[in-house]
Every structure is written in C-alpha cells, then in structure tokens.
Amino acid sequence: MHLVTAEEMRRLDRITIDRLGIPAAALMKNAGRAIAEEIIALCNRRGEAGTAGGPRQGGEAARDNGAPRNAGAWAAGGAHGEAAAPGAGGTRRAAARSGVRGDAAAGMAPRSGGNGGDGGDAGAAGITPRSSGPGGAAVTPPKLVISGDAALMTEHAESEHWLVLVGKGNNGGDGLVAARYLREAGIAVSLLYAVPPESLTGEAALQRDAAAAMGLPAAVHGGGGPDFAGYSGILDALLGTGAAGAPRGAYAELIAAANASGKPVVSADIPSGLDADTGETHEPCIQASLTVCLAFLKRGLLQYPGAGAAGRIVVRSIGIPAGLAREEGLSAYWLTPAVLEGVLGVDVSRRRAPDGHKGTYGHVLVAAGSLRMSGAGLLAARASLRAGCGLTTWAVPGKLLPLLVCAAPELMLADAGGEADGTWNASAAEEVLKLADGRDVLAIGPGIGRFEDDKAWLKAIWEGAECPLVVDADALNILAECDYGSWRQRRAPVILTPHPGEMARLAGVKTKEVQRDRTGLALSFARERGVTLVLKGAHTVIASPDGRVFVNTTGHPGMATGGAGDCLTGIIAGLLAQGLDGAQAAAFGVYLHGLAGERAALLRDDPASVIASDIIEAL
Ligand SMILES: NC(=O)C1=CN([C@@H]2O[C@H](COP(=O)(O)OP(=O)(O)OC[C@H]3O[C@@H](n4cnc5c(N)ncnc54)[C@H](O)[C@@H]3O)[C@@H](O)[C@H]2O)[C@@H](O)CC1
Ligand SMILES: Nc1ncnc2c1ncn2[C@@H]1O[C@H](COP(=O)(O)OP(=O)(O)O)[C@@H](O)[C@H]1O
Ligand SMILES: [K+]
C-alpha cells in the first residue's frame, strides 16, 4: 500500500479531476459515504456488543467504545497487510489483529450491518420456506432475494446521536456528506461548525446547503466549552490534508473538547491537529478511536505520535485510481507481504532449492562483541543463522575465544586480534578483512565499544571489504565522526541500522529532530549518502538509495530490550548472504524481526518479558 504526503495527495486529486474528468464533488461524495459506512459499522459493532451484554473482547472493540488505547490487546497498534503472509500461523494471527485495513479487505470482510447479508434480507422478504413435494419430501421453493445498501443500514440507530465537527475546507465537506448518509440510516446527527457556514466554499458549500435542505440541525461554535454529553460519538471533520500548523481558535477549542468528552471520535482522513506528512501531533490533536483515511494512506498516520492519535485506521477508496500512485512514481510504502513481493521482489515464502546445501545459502562474517559486550556479537551471529544463511563465522578479539567455545555450537569462531583485555584495536581491521575475503556479508558493530583509532579501523573495513556491509551500534557512532563521503566508493551495498540516538549522531541533529519526521529524514539521508538506511524504533523506516521508502508495522514495545537490535543486524546479514539485495534484506529483515518479536510475546504472560534471545528463537 502506498504512503503519500499531503502534497502528493493533492497532485493525485488534481490528476483525477483534471485528467480523468471525475468531478471533485463525486470524490467528496464517495469520501463522505465511506466515512458514514465505517461509523455505521462501528454502531453495529457496539450495538451487537451491547445486545450480547457487554463490550467485546479485544482492542478493537474496546477502542471503538472509547476505552483507552491499547486496552485489551498489546498488539493493537500492529498492522501487517491483507495479502497472504509468509510463514505459518504466526503471521496470519498477526494479520487478524491488523490495525490498518484497506478497501480490498473491506470488500472481503463480512459486513455486520443489521440487515446486511443475504440471509437477513431473504428472511425479511417473509417467504414461507417449506412445503411438501411428491412422496412427502420437503421442498424449498426458490427464494426471492432482494438486498439493500447493507453498509448504510443499522438496527441500532435509536441509541445513536452523532455530532459532526465541521471545518472550513474539504475535510468539513466530507463530514457533511457523511452526516447526510448517517441521517439516512436513521441515526440522529447534529452539525457543529468551527466557522460560520457562510465561509465554506466550493464543494463543501454545496454540501453545507444540502445538509441544511435536509434539515440537519446545525450550530456554529461560539466559544467556551461545548457540551458533548448528549452524543454517542463525534465525527472529526475539522482539518485534513490542507491544515497548516497547530489548530487555531475554534478548531483548537473543539479538538480539546472532543478529547475531553470521553466519546469515541472518528476522524475523517486524519485526526485534526496531525501533520499528515510527518506524524507530528500539534497541540491539541484529536485522539481518535478510528480514522477513515481517504484514497491513500497518509505518511503521518504510520509514524508516532500520529500513529497513536489515529486509533484503528481504515483506508477507503474514493474513486481515485490506486494505480495513479505508481504512474506518478510515488515510492513510499507501508511494508506488507504484498509490497515485499510486488515492489521489492522478495520471495516471502523463503523457498529453498531441494538440492541446496550450506554453501548455497551464503556465509556471514560477524565482527562484533568485546569483553564486556560479547553477548551482542553472539546475538547477531546466532540471528544470522536463524535467518537462514548457510554458515556464520563470528570474529572477536582473540583473548575472548577460549571463553566463547561452544557458546553456540553452530557458529564458527575466528580470532580478530585485538588487545590482551579482550577489546578491539585498529590493527584488528586487517584480520577482519582477511576473514571477510570470500565471505558473502560482513556485519560489524554490535558490542565492539569505542577504541583508539577506531575511525581508521572503520575506514579500512569500509574501503577494503568487497562484500555487502551491515553497520550497527558503535560502528555507527564511529562512522558519525568520519568524513566517509571522501572514502573510496564501495561497490557492494552498505546497510546502516541506527536507532534514533545513533541516527541523530549520523545526521548531526538532535534525536527529537530525527523523530519529528522519520520517513522524510531516512529518505533524504539514504539518497544523499548512497546507503540503505534502517531507522529503528516503533514503526521502523527502511530507505534505499534509489528513493524508495518502506514503513514497517510489525513488532511491539516489548522489543525495546537490550540486544533486540543486534538480532536485527544478524537477520539482515543472514538474508544478504542468501542473495537478497540491500533494500530487500533490510525490509524483509525488519519485517521478520517484528513478527518474531510478536510470536515471542505470545509465549509470555506479558510482552514486556520478551528478551532478545526469544526473538531469535521465534524466528
Ligand atoms: N478533491 C479533493 O481535494 C478531495 C479532498 N478531500 C478531503 O479534503 C481534505 C483536504 O481539504 P482542504 O485542502 O480543503 O483542507 P482542509 O479541509 O484540511 O482545510 C483547510 C482549511 O482549514 C483552515 N486551516 C488550515 N490550517 C488551520 C489551522 N492550523 N487552524 C485553523 N484552521 C486551519 C484554512 O481555512 C484552510 O483553508 C482532505 O483531508 C480530505 O478530507 C476528500 O473530499 C476527497 C477529495
Ligand atoms: N516500541 C517498539 N515497537 C516495535 N519495535 C521496537 C520498539 N522498540 C524497539 N523496537 C525494536 O527493537 C530493536 C531495538 O534495537 P536497539 O535499540 O538497537 O537495541 P540494542 O542496541 O540493545 O540491540 C529495534 O529493531 C527496534 O525497532
Ligand atoms: K479530520
């Protein structure tokens, strides 16, 4: 699934309107209708839960009912795409928890509408089902099957009264369309304009007039704290992709009041107050339980804190052809199995040749670990094997070798020289290069610490190693102090795997600035430096030097544990050894690492109990 910026969204809108001749009003109608359908589905879910005598199990229902985020299900924020997933049950279980849904899935999912489904409609037609045929056998006469707009019907309308907060732009227009459809479904709806309705223009003004002609009660926010007590839900149609900066005036007051109301809030397109591109949340920003994102997933919805403000995300088609994004060369994606296969060309089933042998799957050299942090090297080396490479050699300062014998029997150990106290030194680079000769990948950094002349050590390896290079941990901190742009150009790819702190050092900015626009920064850094960049943390971003960028949503906060990143380094190296290119190995590695973390959490009482070794075992 493509990810777009507000600017790209406007471009795709314009092409649809100008080149394809689809009127803007039609897009707005589709948008409003999609929003109404999702609200009705929400009303049906909680209506049914109410009938069943209490809220449903699980994060989704809990959130729809306005309960605090993440109540019920630890992985509620996870989202894994709709297409066939790699591996066995774990992935599918994860997909079922998905927090982002697209229209493809919507089409396949059973609708929960009261009269929805053929069974319900046929029943409503009231045909007497049985009579006796010859010989007394029961015969079922042909049924008259007539069905209506199931997605726009609800049997729970009487308990609902929705308030639509209407902004001045097209986002407000979407809300006004939704209001009409909700009213049509029998749901009471009131409108609260942030600005005098006379100030609306274009399609939004048409919708204002239609809503008025339909007799929908409307008021204009007059300042002070509006009272939302009487409503069962709030539709936030205040600000969309046209918003600039922090919400001002009436917008800010309404957002704050909606958040304080405790009512479930559904956002049209994006939560008002969110930066659609970066994921920054302005003060205030709507905290939605559901966001009905229109046409294309906005980048800001996948990056925190925006991802936390959006609640569950449904992406609905509004008539803008999905193929336009590709035609226009947009190259940012939500990382799903479909994207791994279709965009990156990864064989997610990880088929192995029946006659394959350990030489077929590549040899990883891991140069990592030192006296105080030998475990980092061990984790990276073991993870590379679990990622499926044929052989892994782990190079450490020689002093440590006797202590590591059989730390993992599957590994080969190598003496990288180093100091008598088990730390690294600059001359160890020569040993590493000798060992790397003929190897398929070299992974460096985890647990090496800092040492005298470590910049010379890194330069020698960077310039001398012919194979793909994965650089992590202290090797990144060393790199940040080097003028590596002036070093000899490498032919084989480089993959950097910084966490936000390491990224800050690499980019020469504050960590806060890294986190402000993770996707944008990763993209520009990878392009400018000619490296594949893996910017770790919740919703890891993978950017390749050719300008493609992928946002991963597997994984969970239980993975914020020492050594989890070392495992990722090993996984990426293991995939590179098997012949994947830089972007493929980085993206697939991050995806699998997150899935393994999820699987590991399922074996524990609490995801917080996951430790790095569990991630390796769950691969
Ligand atoms: N053809 C289109 O352009 C379509 C647009 N759609 C909807 O339109 C939205 C974008 O519409 P617009 O471009 O009109 O933008 P918005 O609806 O986001 O509104 C922008 C307006 O809000 C005000 N505003 C901006 N920033 C503000 C702030 N910080 N505080 C207070 N007021 C502020 C300004 O008056 C500005 O004109 C999308 O998010 C989507 O919901 C959909 O209807 C589908 C089609
Ligand atoms: N909240 C989170 N959600 C998903 N993944 C996470 C989260 N926190 C950390 N991770 C993942 O765990 C790993 C931690 O890596 P890192 O910070 O380098 O740890 P270490 O250096 O101890 O190995 C990264 O892959 C990161 O993306
Ligand atoms: K909105």
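**Close-up views of a predicted model**

Figure 1. Gly 537 is buried, because 20 other C-beta atoms lie within 10 Å, and a residue counts as buried at 20 or more. This glycine belongs to a predicted model, in which its place is the loop between strand 20 (532-535) and strand 21. Not counting residues up to four places away in sequence, Gly 537 touches His 499 and Pro 500.

Figure 2. Thr 540 is found in the loop between strand 20 and strand 21, and it is buried, with 27 other C-beta atoms within 10 Å. When residues up to four places away in sequence are not counted, Thr 540 touches Val 534, Leu 535, Asn 552 and Val 590. An unreviewed UniProt entry lists Lys 536, Gly 537, Ala 538, His 539, Thr 540 and Gly 565 under "binding site". These positions are spread over 30 residues of sequence and yet cluster in space, the largest C-alpha distance being 13.7 Å.

Figure 3. Ligand 2 has 18 residues around it, of which Ala 538, Gly 555, Ala 560, Ala 564 and Gly 565 come nearest. By residue class, the shell around ligand 2 consists of seven nonpolar, nine polar and two charged residues.

**Figure 4. Ala 543 in strand 21.** Strand 21 (residues 541-543) contains Ala 543, which is buried, with 31 other C-beta atoms within 10 Å. Leaving aside neighbours within four places in sequence, Ala 543 is in contact with Ala 522, Leu 523, Phe 525, Ala 526, Leu 533 and Val 549. Ala 543 and Ala 586 are 43 residues apart along the chain, while their C-alpha atoms are separated by 8.9 Å.

**Figure 5. The surroundings of ligand 1.** The shell of ligand 1 has 28 residues, and the closest of them are Gly 169, Asn 170, Asn 171, Gly 240 and Gly 242. Two elements give two or more residues to this shell, namely helix 2 (24-51) and helix 7 (170-184). Helix 7 gives the most, with five residues. The shell around ligand 1 divides into 13 nonpolar, ten polar and five charged residues.

**Figure 6. The largest nonpolar core and Leu 235.** This core has 187 residues, and those with the most contacts inside it are Ile 39, Val 164, Leu 165, Leu 235, Val 366 and Ala 587. Helix 22 (residues 582-602) gives the most to the core, with twelve residues. Because domain 1 (3-108 + 151-330) and domain 2 (338-617) both give residues to it, the core lies between them. Leaving aside neighbours within four places in sequence, Leu 235 is in contact with Ile 35, Ile 39, Trp 162, Val 164, Leu 165, Gly 175, Ala 178, Val 266 and Ala 268. In soluble globular proteins, nonpolar side chains tend to be buried together.

**Figure 7. Overview for orientation.** The secondary structure of the protein comes to 23 helices and 22 strands, and 53% of its 619 residues count as buried. Among contacts between residues at least 6 apart in sequence, 71% join residues at least 24 apart.

Notes: Residues numbered from 1 in each chain as written. Chains lettered and ligands numbered in written order. Predicted model: local features only at pLDDT ≥ 70, side-chain atom pairs only at ≥ 80, totals over all residues. Core = buried A, V, L, I, M, F, W, Y, C linked by C-beta atoms within 7 Å. Buried ≥ 20, exposed ≤ 12 C-beta atoms within 10 Å, placed from the backbone. Helix = DSSP H or I, 4+ residues; strand = E, 2+ residues; numbered from the N terminus. Domains from an automatic or database assignment. Contact = placed C-beta atoms within 7 Å. Near = placed C-beta within 6 Å. Nonpolar A, V, L, I, M, F, W, Y, C, P; charged D, E, K, R; others polar. UniProt positions renumbered as here; feature names shortened; annotations may be inferred.
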